[in-house]
Amino acid sequence: MIDVTQLPLWEQIVYYYQSNGAYVFEQFSRHFLMAIYGVLFAAIFAIPLGFYLARTTKIADWVLGIANVIQTVPSLAMLSILMLAVGLGPNLVVITVFIYSVLPILRNTYAGVRSVDENILDVGKGIGMTKWQIIYKIEFPLSMSVIMGGVRNAFIMGVGVATLGTFVGASGLGDILQQGVNASDGASIIIAGVLPISVMAIIGDVFLTWVENKLDPMSH
C-alpha cells in the first residue's frame, strides 16, 4: 500500500488522476455543461435585448443599471436566494450562471451595436435594406467582436460560479476542491481540482476567440 503523503506533490497529483480519472472526467463534464448552458441561455436572452436597448436608449441606462446591481450580489448569496425557489441541484447552478452572464453579454452587445458607424447604416437604408437586413448584414457582423468579448467574459465567470455547485448538490469540479479542503493533507487534491478548472477556462477562451475571428468580417 502506497503512502501517498510521502510522495512529492507532483507525484501525488499524478497518482490522484491515475486513481480517479473517470471521476475527474465525470465532474469536468458536469461542470462544463452547467457553465455552457448558463452562458448559452444568457446569450440567447441578452443579445436580442442588447440590440433592442441600442434603439431605445431612454431605458438602456435603467436596464444596465439593474443588471449592474444584480452583478454585485455575491454568487454564494445568489445561490442561497435562488435555492428557496428552485431547490438544490444543477438547475440552480445553471440559473445562477445565467444571471451573472447576462450583464457582460448585454453590456457588450449594447456597446457594439452603438459603435457601428451611422454612415454605414445610412448607406444600408439608402440602398433599400429592411430593418432586419440592416441588423443581420451590417450591425451584427460589425459588432460581433465586441459581443464575443462579452461571451468570453461570461464563460470564464460561469466556470467560476459553477465551482460553487458543490455547496448545492450539483457536483462539478468544486467537489474535488472540497475533498482537498476536508483532507488533512489535501494540497495535491486541491491542485488536481484547480488544474481542470483552469484548463476549461483557457480552452473555452481560446475557442471563443477562434469563433470570434471566424465570424468577424474585419478579420478577413
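These legends describe one overview and several close-up views of a predicted model.

The model is predicted, so local features need pLDDT of at least 70, side-chain atom pairs count only at pLDDT 80 or more, and totals for chains, interfaces and linings use all residues. Residues are numbered from 1 along each chain as its sequence is written, and side-chain values use heavy atoms, with hydrogens and water left out.

**Overview. The chain has eight helices and zero strands.**
From the N terminus on, its elements run α-α-α-α-α-α-α-α. Helices (H or I, at least four residues) and strands (E, at least two) are DSSP runs, numbered from the N terminus. The C-alpha atoms fill a box of roughly 80 × 45 × 20 Å, taken along the principal axes. Of the 220 residues, 42% count as buried. Buried means under 20% relative accessible area, exposed means over 50%, and partly exposed lies in between (1.4 Å probe, protein chains only). The chain exposes about 12000 Å². Carbon and sulfur atoms supply 68% of that area. Accessible areas come from the Shrake-Rupley method with a 1.4 Å probe; for residues, only the protein chains shown count as cover. Take the contacts between residues at least 6 apart in sequence: 74% join residues at least 24 apart. Contact means heavy atoms within 4.5 Å.

**Close-up 1. Helix α3 packs against helix α4.**
Two packed helices are described by the angle between their axes and the distance between the axes. Here α3 spans residues 75-86 and α4 spans residues 90-114. Their angle is about 125°, and their axes are 10 Å apart. Axes are lines fitted to C-alpha atoms, for helices over the stretch in contact, and angles run from 0 to 180 degrees between N-to-C directions. The two helices are therefore oblique to each other. Angles under 35 degrees count as roughly parallel, over 145 as roughly antiparallel, 65 to 115 as roughly perpendicular and the rest as oblique. α3 passes α4 in a right-handed crossing. A crossing is left-handed if the near helix is turned anticlockwise from the far one by less than a right angle, and right-handed if clockwise. On the α3 side, the contact is made by Ser75, Met78, Leu79, Leu82, Met83 and Val86. On the α4 side, Asn91, Leu92, Val93, Ile95, Thr96, Ile99 and Tyr100 take part. The contact residues divide into ten nonpolar, three polar and no charged. Ala, Val, Leu, Ile, Met, Phe, Trp, Tyr, Cys and Pro count as nonpolar, Asp, Glu, Lys and Arg as charged, and the others, Gly among them, as polar.

**Close-up 2. Glycine 87 lies in the loop between α3 and α4.**
Glycine 87 is partly exposed, with a relative accessible area of 22%. Leaving aside neighbours within four places in sequence, glycine 87 is in contact with Leu82 and Leu92. Both of these residues also take part in the contact of α3 with α4. Glycine 169 is 82 residues away along the chain, yet the two C-alpha atoms are separated by 9.7 Å.

**Close-up 3. Helices α5 and α6 are roughly antiparallel to each other.**
Helix α5 covers residues 118-126. The axes of α5 and α6 come within 10 Å and cross at roughly 165°. The crossing is right-handed. Ile120, Leu121, Gly124 and Lys125 of α5 meet Ile134, Ile138, Glu139 and Leu142 of α6. By class, the contact has five nonpolar, one polar and two charged residues.

Glutamine 27 is buried, with a relative accessible area of 4%. Serine 171 is found in the loop between α6 (131-162) and α7. Serine 171 has a positive phi of about 60°, although it is not a glycine. At 18% relative accessibility, serine 171 counts as buried.

**Close-up 4. Helix α7 (residues 174-182) holds several buried residues.**
They are Gly174, Asp175, Ile176, Leu177 and Gly180. Their cover includes α1 (9-55) and α8 (187-215).

**Close-up 5. Alanine 46 lies in helix α1.**
Alanine 46 is buried, with a relative accessible area of 0%. Not counting residues up to four places away in sequence, alanine 46 touches Val102, Ile105, Leu106 and Thr109. Arginine 107 is 61 residues from alanine 46 in sequence and 8.6 Å from it in space, C-alpha to C-alpha.
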